[in-house]
Amino acid sequence: MIDLHIWSRVREGDYEAFEQLYDLFFDSLYAYGIKLCKNSDQVEDAIHDMFLDIWKYHDKLSETTSVKFYLFRSLRRKIHKNIKSDEKVSIFNKDVTHVYEVEDQSFDTLIIQSEEKAEKSVLLKKNLASLSKRQYEAVMLKFYSNFSYKEIGSMMDMNEQSARNLIGRGLEKLKGLFS
């Protein structure tokens, strides 16, 4: 895995690898961070602070089996640490983005499909909003960021089984809302 090789080089003090790490993960970290905190300046500051810490302490960094997990978890902690105790954390702003593939179809068919997808997107967004903040975060980490249950549990300070249960309850609630 290329990110593990880059991580190893960062740990050795390779600044070019550090820049590659930043470029490789900034967009996905920002997308995750903006779901934890709606303030884009605060998210960018947290990402930059996190990367400054990585560079500052590069010689003390441990090995990891998943650089993405390490960075997401670090960012989550950094954001929560940076938010003042009197502010409420708005876990995820519940924006759902869809990528549509356009096939060679008639214009009318495309319009109808587009409208159906838009309706489903609105319904999904509405139904996701009905989940608890922790259920929503866990579902997003599982299905949009492709983390394992074990990683989600560790990231959210719970055990793997609790993460499975939380996601399962969230999916059951969504299933009931779509019925």
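Arg9 counts as buried because its relative accessibility is 19% (buried means under 20% relative accessible area, exposed over 50% and partly exposed in between, with a 1.4 Å probe and protein chains only). Arg9 sits in helix α1, residues 2-11 (helices are DSSP runs of H or I, at least four residues, numbered from the N terminus). Beyond its neighbours within four places in sequence, Arg9 is in contact with Asp14, Glu16, Ala17 and Gln20, contact being heavy atoms within 4.5 Å. The model is predicted: local features need pLDDT of at least 70 and side-chain atom pairs pLDDT 80 or more, while totals for chains, interfaces and linings use all residues. Residues are numbered from 1 along each chain as its sequence is written, and side-chain values use heavy atoms, leaving out hydrogens and water.

Turning to charged pairs, the structure holds 5 salt bridges (a side-chain nitrogen of Lys or Arg within 4 Å of a carboxyl oxygen of Asp or Glu). One of them joins Arg11 and Glu63, with the closest N and O atoms 3.9 Å apart. This pair links distant parts of the chain, 52 residues apart: Arg11 in helix α1 and Glu63 in the loop between α3 (40-56) and α4 (67-82). Arg11 is partly exposed at 26% relative accessible area, whereas Glu63 is exposed at 66%.

Glu137 and Arg76 form another salt bridge, at 2.8 Å from N to O. Glu137 belongs to helix α6 and Arg76 to helix α4, so the pair ties together parts 61 residues apart in sequence. Both Glu137 and Arg76 are buried.

Key: Helix = DSSP H or I, 4+ residues; strand = E, 2+ residues; numbered from the N terminus.
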